[in-house]
Amino acid sequence: MMKVTGSCHCSAVHFEASIEPKPGLLDCNCSICSRTGFLHLIVPHERFTLLSSEDALTSYKFGSGQADHLFCKHCGVKCFYQPRSHPDAWSVNYNCLDTGHGLEPVIVAFDGQNWEEAKAGLE
C-alpha cells in the first residue's frame with residue numbers, strides 16, 4: 001500500500017488515502033463524469049481520511065439519487081464522492097491527487113451511459 005494525498009483547487013478540501021501502487025482507474029462516460037474529466041480511483045472507506053472539515057463540502061444528487069456527489073463549496077471541484085456502484089468505498093478523482101505520488105495506474109473504460117450493464121461487468 002502507498003499513502004497519497006490530494007485536494008480541491010483551493011485546498012479547502014484535503015484528504016489522504018492508502019492505495020495499491022498500480023491502481024485500476026475507471027474512466028466513465030456518464031453525463032457528469034464526461035463533463036468533469038473525473039477518473040475514478042475506488043478507495044474503501046476505511047482507507048480514506050478527510051483531513052479538512054466537512055463544512056467545505058456541498059452535495060449534489062441526480063438521477064437515481066443514490067450517488068452523493070460532493071463538491072468544494074468554495075472552488076467547485078469534486079475530489080471524491082460516494083458512488084452508487086461501490087457503496088462501501090469512495091470514488092476519488094485521480095486528477096485531484098497531489099503530484100509526485102509515483103502511482104502507475106491502469107485505466108479501464110466504464111460505460112456509464114449504460115450503467116446497469118457496466119456495473120454488472122465490475123463484479
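With 123 residues, a compact globule would have a radius of gyration near 14 Å, and the chain agrees, at 14 Å. The radius is taken over C-alpha atoms, and the globule rule is 2.2 Å times the number of residues to the power 0.38. The model is predicted: local features need pLDDT of at least 70, side-chain atom pairs count only at pLDDT 80 or more, and totals for chains, interfaces and linings use all residues. Residues are numbered from 1 along each chain as its sequence is written, and side-chain values use heavy atoms, with hydrogens and water left out.

The C-alpha trace spans about 35 × 30 × 25 Å along its principal axes. Two helices and 10 strands are assigned in the chain. These are DSSP runs numbered from the N terminus (helices: H or I, at least four residues; strands: E, at least two). Their order from the N terminus is β-β-β-α-β-β-β-β-β-β-β-α. Of the 123 residues, 41% are buried. Buried means under 20% relative accessible area, exposed over 50%, and partly exposed in between (1.4 Å probe, protein chains only). The accessible surface comes to about 6,700 Å², and carbon and sulfur atoms hold 49% of that area. Areas come from the Shrake-Rupley method with a 1.4 Å probe; for residues, only the protein chains shown count as cover.

Contact means heavy atoms within 4.5 Å. Among contacts between residues at least 6 apart in sequence, 57% join residues at least 24 apart. The chain carries 9 positive and 14 negative charges, and their mean positions lie 3 Å apart. Lys and Arg count as positive, Asp and Glu as negative; His and the chain ends are not counted. Each charge is placed at NZ of Lys, CZ of Arg, CG of Asp or CD of Glu.

Aromatic pairs number seven. Rings of Phe, Tyr and Trp (its six-membered ring) pair if their centres lie within 6.5 Å; planes under 30 degrees apart count as stacked, over 60 as edge-to-face and the rest as tilted. The rings of Phe48 and Trp90 have centres 5.8 Å apart and planes at 45°, so this pair is tilted. Phe48 belongs to strand β5 (residues 48-50) and Trp90 to strand β9 (residues 89-93), so the pair ties together parts 42 residues apart in sequence. Phe48 is buried, at 9% relative accessibility. One aromatic cluster is formed by Phe15, Phe48, Phe80 and Trp90.

Trp90 also lies 5.3 Å from Val43, C-alpha to C-alpha, across 47 residues of sequence. Beyond its neighbours within four places in sequence, Trp90 contacts Leu41, Ile42, Val43, His45, Phe48, Leu70, Phe80, Tyr81, Gln82 and Pro83. Leu70 sits in strand β7 (residues 68-72). Leu70 is buried, at 11% relative accessibility. Leu57 is 13 residues away from Leu70 in sequence and 5.9 Å away in space, C-alpha to C-alpha. With residues up to four places away left out, Leu70 touches residues including Leu57, Val77, Phe80 and Trp90.

Two further residues were examined. Ser11 occupies the loop between β1 (2-7) and β2 (14-19). Ser11 has a positive phi of about 70° although it is not a glycine. Its relative accessibility of 46% makes Ser11 partly exposed. Lys119 lies in helix α2 (residues 115-122). Lys119 is buried, with a relative accessible area of 18%. Not counting residues up to four places away in sequence, Lys119 touches Ser85 and Phe110.
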